[in-house]
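Here is a short briefing on a structure. Please read it beside the sequence and the coordinates.

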Amino acid sequence: MNITIDINGKNVSAAIEPRVTLLDFVRDVAGLKGTHAGCEHGVCGACTILLDGEAVRSCLILAAQAEGSQITTIEAVDGTARQPGELSVIQDAFCEAHGLQCGYCTPGMVLAAKTLLQHNPTPSREQVREAISGNMCRCTGYVQIIDAIMLAAERLQGRNQPANGA
Amino acid sequence: MVHDMGSKPMRDKKYRFLSQPRRVVEDRRFVAGKGKYIADYDRADMAHVALMPCHLPAARIDAIDASAALDMLGVIDVVTGAELVAAIDPLMNGLDTPKVRRYPLAVGQVRYAGEWVCAVIAESRAIAEDAIEHIRLETTALPYVLDPEQALRDDSPLVHPDHNSNVLLDKKFVWGPVDDDFAAADHQLNFCVTWGRNSTVPIETFGVVAEWNAWEQMLDIRASVQMPKYADQIAHALGLAGNQVRVHYDIDVGGSYGVKRGIKHAVLIGYLARKLHRPVRLIEDRLENMRAGDAHGPERKFDVSVAFDKDGTVRSMKMRALDNAGAYAGRAPFQLGKPIGAIVGPYRIGSVAYQAISVTTNKAAQEAVRGFGQAPTNYALETAMDRVSAFLDMDRLALRQHNFIKTDEFPYLIPSGSTYDSGDYHTVIDKVMAAAEYPKLVATCNQLRKDGMMAGIGIATCLEPSGGNSSFEPLLNERNQTTTWMESCQINIDALGTVTARIHTTSSGQGHETLVSTVIGEILGIDPDSIRVVRPNSLESLPGNSPVGSRMAIMLGGAAARAAEKLKAKIIAIAAHHLQCDATRIDYQGGAMLSANGRHITWDDIIESAHRQIHQLPDGMDPGLASFDIMQVPTGGDLPKDGKVHMYPCYSFEFHLVLVAFDPIIGKPEIRSYTIGHDCGTVINPAIVSGMTYGGIAHGIGAALLEEFAYDESGQLMTQSFLDYLMPSSHEVPDIQLVKYCTPSPHTVFGQKGSGESGYLGAPAAISSAINHAVAGLDISFDKLPIRMSVISDKIAAATHHRSDSG
């Protein structure tokens, strides 16, 4: 079947088997390798993408189901305006707090964080914990991930700006 | 949450970059989704592999008919164990068990449920999976054995009939006057505890891509691997020369923590690439990974006796450790060996008898898991300390403090032959007790009990032996003469004056690029962020042994430091030649300048001389600015003697203090407070060490409460997916208070020790201690990990009913 999906603002069209998952479409058809396969049964969250702005598991959705939707992957986490090599505030906070180790779950975590902060710009630590509870990480014990998201929230609120705004 | 409670000054020097809060170089590409993982590696014309399992735990393979599968469009080939056995050598295992042969696919006989019997190669993974359904496998079921004690009996089914026994290893050691100590002690007690089969279960499964270039006679391997001597083992099995296998180290590995060994996978895929003259790829799916990736961890039963006096002095210990290796040897038997290097933990136990038994059963094969057997042994040891305390009605912490090696007793020789380098256990305990506000913790525990909850405080101490030379191999197998476990680093300063270091391993989140750039920057006095660290392929590499055994801070950090010192010496020699003074009179000022008698020479001048002006160099000096170092393990190098050997140069220490509470009917343990004291000597990057420690604790929480590869009586793995193999989510891991302390090691360049296994080694013991403390009043105990909520509620219910029945 022929389908077209808007991925990161670009229409990607392909003839695919109906059984192809959105995860495989993103990785193999669109060639965007930042979305990772972990369990492929909807538990680990490594394949998290944004579908019409909401974090979803791309391994549980067929590509055909996503036709007509807008998909955002880690490659365009903060819009497509950024230059390669330039980090978003959330990504930068993950670096600052070292909220990762091997990096495999990290794109999913960053997108889960983005969704949370869109809905709740000033989350508590417990709210952050809840928001990432569907994303498994085997490296960090989550502590520095939560630190990173708290830091990102603070920075997005502008609390890190110099007082004079300079 | 990091609570740095201060530390001893790190020797007397101030570091510019080392131990400073600096970002981790690798993080930039990972947060952008720009890591280079094995599944991201695409090749035109790539063939894909799926693996057909047999569902029986033991079976004779009578026939495999793949004709229908081979007729399918897009199917390229189907390969069986019978084909492999004629073409390749068995995988190496390091033991002296020649009749326990292991191949990538079952040969003649299936030895565990899920074992791969054939590989289907197709134009896509989906087609390969479809084709499996068209292969006819005819088998005859054979008797099987799952329980390790049963596997030891004479009437047990044999997993490897040719071996004529299920025993892979049975070694008895007696270190010191055990019988005399037991006879002289006031008391002794015996108990049995069992460590359940769990593993590190990285979120990325194992994957490998192999390409054979017939014109160059070269096999290129890319894999998500953490395996010492990987290229050598692949070449050995495939009958290739060492320089015909090129393992590319620039693949980012999506988590490993020990298990990503992938040797059977790489040998299979390498064989297929040569046979088919196409790039071939295998990426395990989760099911293949869980049941047949051969990546389970230790499953170990301990029978322990301890002899002690009424004042709490633990004199001696007898430990029998029976490990269920699963169907093949893997690295499982050696995981009984590493704990010998810290068999008495941080305690002055004067003598030990240790029996290490490894048996085969019809379960999946084991691989190395974080700590290489140390976490299970520590669980047994700490349970002993809790049991002795209960017997004597003595405070659990006071008993430990009474038995601790004191800080002025280092270096300390333990009965099994290892010498501990340094430590200050009492101080770490004091700092943790202060940080956790222990009296408040006790009050909280008591209040929870008053409110009808079960609540308990758990404590555990633990050593992390680090940087070892694999000398458990010759200790457990006399024909194995391994005495070095070297690591290496190369550095080049180019003609523009910038520094590039080469390291010879893959990385799976440990931050090796950050480690090496920080160390080199510190020694050369230049900004670590200006140093590039690359991971070339195995043919461009010097010898190394990959990041196993908490060794990279010590060994890779050590090799990088030594290579940098050699460069620095050359730079100083060039400067002295220019300035016409003795090298000892040169004041090395890092990247800026070198001065003597008020004269100076710039970094750029030295680069220019080294790269273009040999007439400006001292007589006989080679041009260029490059160095390398192949570093032997500090303190290592001797073969075992009389059943003893010195194993590890460095011993990190940790102390866990936790409060666990649960409803007596529901039985779901919640960690209400978690504090860990951690001393791994001089820290190279604080964020990396903190992160590893938190992550290790999370993994330990899983081992203690949730994670188990559980088989049913018919030999089927019941936990094959993330729906039933439960791992801690962010809800199960509490905020953790980390108390840092630093007792430098005298054996390493900066005083650093290992930390890659921290947290995991002690957390299971601490959580078990807390739960057992909570239920002590009911006269019940939990003797097997994981302690699942169902077990807790059932046992409490039984105990309560029993009481009301008898009362």
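Domain bounds come from an automatic or database domain assignment. The model discussed here is predicted.

**Domains of chain B**
- The assignment gives chain B a domain 1, made of 1-11 + 421-467 + 649-709 + 733-807, and a domain 2, spanning 486-631.
- Taken over C-alpha atoms, the centres of domain 1 and domain 2 of chain B are 41 Å apart.
- In the contact between them, domain 1 of chain B supplies 16 residues and domain 2 of chain B supplies 16 residues.
- On the domain 1 side, five of the touching residues are nonpolar, eight are polar and three are charged.

**Contact between chains A and B**
- Chain A brings 39 residues into contact with 46 residues of chain B.
- Three helices of chain A, α2 (89-97), α3 (106-119) and α5 (143-156), each give at least two residues to the side that touches chain B.
- Helix α2(A) has the largest share of that side, with four residues.
- The side of chain A that touches chain B counts 20 nonpolar, 13 polar and six charged residues.

**Strand pairing in chain B**
- Strand β9(B), residues 187-195, pairs with strand β14(B), residues 300-308, in the antiparallel sense. Nine bridges link β9(B) and β14(B).
- L189(B) has V306(B) in β14(B) as its bridge partner.
- Strand β9(B) also runs parallel to β30(B), residues 784-785, and two bridges join them.
- Opposite T194(B) stands K784(B) of β30(B).

Conventions: Residues numbered from 1 in each chain as written. Chains lettered and ligands numbered in written order. Predicted model: local features only at pLDDT ≥ 70, side-chain atom pairs only at ≥ 80, totals over all residues. Pairing = 2+ DSSP bridges. Contact = placed C-beta atoms within 7 Å. Nonpolar A, V, L, I, M, F, W, Y, C, P; charged D, E, K, R; others polar.
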